[in-house]
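Subject: Structure handover

Hello,

Here is the structure I promised to pass on. Please open it and keep it beside this email while you read.

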Amino acid sequence: MSVDLVGFLGVVLVAYVVPGPDFLVVVRSAAEHPAKGRAAALGAQSGLCVHMLAAALGLSLIAARSPVVYDAIKLLGAAYLVYLGIRAVLAARQAVHQRHSGEDVTGGAEDTAAPRGATGDGSARGCWRSGFTQGFLTNVLNPKAALFFLSILPQFVHGGGSTTRGIFFLGILDVVIGVAYWFSLVIAAARLRALLGRPNVRRRWELTTGWLFIGIGIGLAAAS
């Protein structure tokens, strides 16, 4: 068995550079707190591990050939993205309301605001759990990620031997590359924290990312 590493690396790098739902989740989480950004990155890659295992076991093929299963995964993923978007938009509106009421505006809803008291164990665990969950669900409910492992990866495995082993090898390489890429992105995105400390900037950020989530979710649901 041989693998086309050069071709595979080219496709993977393009796939990571082109922004998608996981990109938005990681950047948004990192802007709230670097730890949450790292957790979102690990969650996203854990979701890819699920797709890799499903492809190796043939479960992705069943989903791809069953319109009902495929559409169910697609709609669940779309609904989750819309849910994240609505929470962000509501957080922005809540911040405006608090500001007009003369209250301290340091964040919005629990899931979308920058963590308060991040030095406490409970807050740190909550921050990590929230980021990981968002990253994991965003990728594990993305049917395009499943199709990538099912239809794209096998094209880079040649010769005799087990195609399953080739999928595992390339899949693990994909996940490792993704972790390195996301962690680098977290370092860059974390610099937004100081800027987001300004109430007006944070409100615009919440609205922008919220509507992007909603738009991506609607686009995913409408895709054939």
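R28 is buried, because its relative accessible area is 4%. Buried means under 20% relative accessible area, exposed means over 50%, and partly exposed is in between (1.4 Å probe, protein chains only). This is a predicted model, where local features need pLDDT of at least 70, side-chain atom pairs count only at pLDDT 80 or more, and totals for chains, interfaces and linings use all residues. Residues are numbered from 1 along each chain as its sequence is written, and side-chain values use heavy atoms, with hydrogens and water left out.

Which residue does R28 pair with? R28 forms a salt bridge with E32, and the closest N and O atoms are 3.7 Å apart. A salt bridge here is a side-chain nitrogen of Lys or Arg within 4 Å of a carboxyl oxygen of Asp or Glu. R28 and E32 both lie in helix α2, 4 residues apart, about one turn of the helix. Helices (H or I, at least four residues) and strands (E, at least two) are DSSP runs, numbered from the N terminus. E32 is buried too, at 2% relative accessibility.

E32 has another salt bridge, with K36, at 2.7 Å between the closest N and O atoms. K36 counts as buried at 3%. R28, E32, K36, R202 and E206 are linked in a network of salt bridges. The whole structure holds 5 salt bridges.

One of them joins D71 and K74 (3.8 Å, N to O). These two are 3 residues apart in helix α5 (residues 67-100), so about one helical turn separates them. D71 is partly exposed at 33%, whereas K74 is buried at 8%.

Now the rings. The count comes to 7 aromatic pairs. Rings of Phe, Tyr and Trp (its six-membered ring) pair if their centres lie within 6.5 Å; planes under 30 degrees apart count as stacked, over 60 as edge-to-face and the rest as tilted. Y16 and W182 form an edge-to-face pair, 5.8 Å centre to centre with 85° between the planes. This pair links distant parts of the chain: Y16 is in helix α1 and W182 in helix α8 (residues 163-189), 166 residues apart. Both Y16 and W182 are buried. F148 and F149 also pair edge-to-face, at 5.6 Å and 85°. F148 is buried at 17%, and F149 is buried at 0%. Ring pairs also link Y16, Y181 and W182 into a cluster.

Next, helix α1 again. V6 is found there. V6 counts as exposed because its relative accessibility is 70%.

Then the largest pocket. What is its volume? The largest pocket has a volume of about 490 Å³. A pocket is found on a 1 Å grid over the protein atoms alone: an open set of points where a 1.4 Å probe fits, with protein on both sides within 12 Å along at least five of seven lines; lining residues have an atom within 4 Å of a point. The volume is the space filled by probe spheres set on the points, which are joined across faces, edges and corners. Of its 21 lining residues, A15, D22, N142, K144 and A145 are the closest to the centre. The largest share of the lining, 4 residues, comes from α7.

Last, the overall fold. The protein chain has 10 helices and 2 strands.

Best wishes
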